[in-house]
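Work through the exercises below with the sequence and the structure at hand. Each task is followed by a solution in steps.

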Amino acid sequence: MARILLAEDEASVRSFVRRGLESQGHDIIEACDGGEALELLYRENFDLLLSDIVMPVMDGIALALKASANYPDMPVLLMTGYAAEKQRAHNMDSMIADVLSKPFTLDQLIKAVRRALDVQKGDKATTA
């Protein structure tokens with residue numbers, strides 16, 4: 001399965017996402033803000049960046065831009081509870097696999113991660 005960097009400042013959301021994705025066999029490395037996530041990206045290899053958009057230190061959009069510039073083959077999946085932030089992220093379609101709207105279900109999370117990883121592998125899965 002995949003090695004996923006999870007950047008989320010809310011501990012309860014981070015725990016929910018980590019447990020859900022670990023139950024699918026993924027290896028999850030957690031960061032509590034964008035700055036910590038960026039440091040981890042520079043030190044370790046990941047198959048996917050899963051990041052909240054609104055976070056302290058560095059937001060998910062800035063993190064996605066840096067990740068895409070340095071690791072163009074790594075898909076980026078964003079999460080947000082704010083409609084304006086979701087629209088801002090959709091303006092970056094070429095860099096971002098998808099944006100999950102909070103609150104989301106475990107099933108929605110698993111499907112979004114699977115689609116992002118399938119696209120990374122070159123399997124042009126369609127999103128419904």
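This is a predicted model: local features need pLDDT of at least 70, side-chain atom pairs count only at pLDDT 80 or more; totals for chains, interfaces and linings use all residues.

**Exercise 1.** Which pattern does the chain follow, read along the sequence?

*Solution.* Start with the inventory: the chain holds five helices and five strands. Then read along the sequence, where these elements follow the pattern β-α-β-α-β-α-β-α-β-α.

**Exercise 2.** Describe the unit that β1, helix α1 and β2 make.

*Solution.* Take the strands to begin with: β1 and β2 pair in the parallel sense, over five bridges. One place to look is A7, which stands opposite A31 in β2.

**Exercise 3.** Which residues of helix α2 are buried, and what do they pack against?

*Solution.* Helix α2 covers residues 34–43. Apply the cut-off for buried, under 20% relative accessible area. The buried residues are G34, G35, A37, L38, L40 and L41. An α-helix has 3.6 residues a turn, so residues three or four places apart point the same way. Finally, look for the partners: the buried residues of α2 pack against the strands β1 (3–7), β2 (27–31) and β3 (48–52), and against helix α3 (60–70).

**Exercise 4.** Which residue caps the N-terminal end of α2?

*Solution.* Look for a side-chain oxygen by the backbone nitrogen of G35. D33 supplies this oxygen, at 2.9 Å from that nitrogen, and caps the helix end.

**Exercise 5.** What percentage of the 128 residues of the chain count as buried?

*Solution.* Using the cut-off of under 20% relative accessible area, 45% of the residues count as buried. As for the surface, the chain exposes about 6500 Å², and carbon and sulfur atoms supply 50% of that area.

Conventions. Residues are numbered from 1 along each chain as its sequence is written. Side-chain values use heavy atoms; hydrogens and water are left out. Buried means under 20% relative accessible area, exposed over 50%, partly exposed in between (1.4 Å probe, protein chains only). Helices (H or I, at least four residues) and strands (E, at least two) are DSSP runs, numbered from the N terminus. Contact means heavy atoms within 4.5 Å. A polar contact is a pair of N or O atoms within 3.5 Å; within protein, one must be able to donate a hydrogen and the other to accept it, and residues adjacent in sequence count only if both atoms are side-chain atoms. Two strands pair if DSSP finds at least two bridges between them. A crossover is right-handed if, with the strands pointing away from the viewer, the path from the first strand over the helix to the second runs clockwise. Accessible areas come from the Shrake-Rupley method with a 1.4 Å probe; for residues, only the protein chains shown count as cover.
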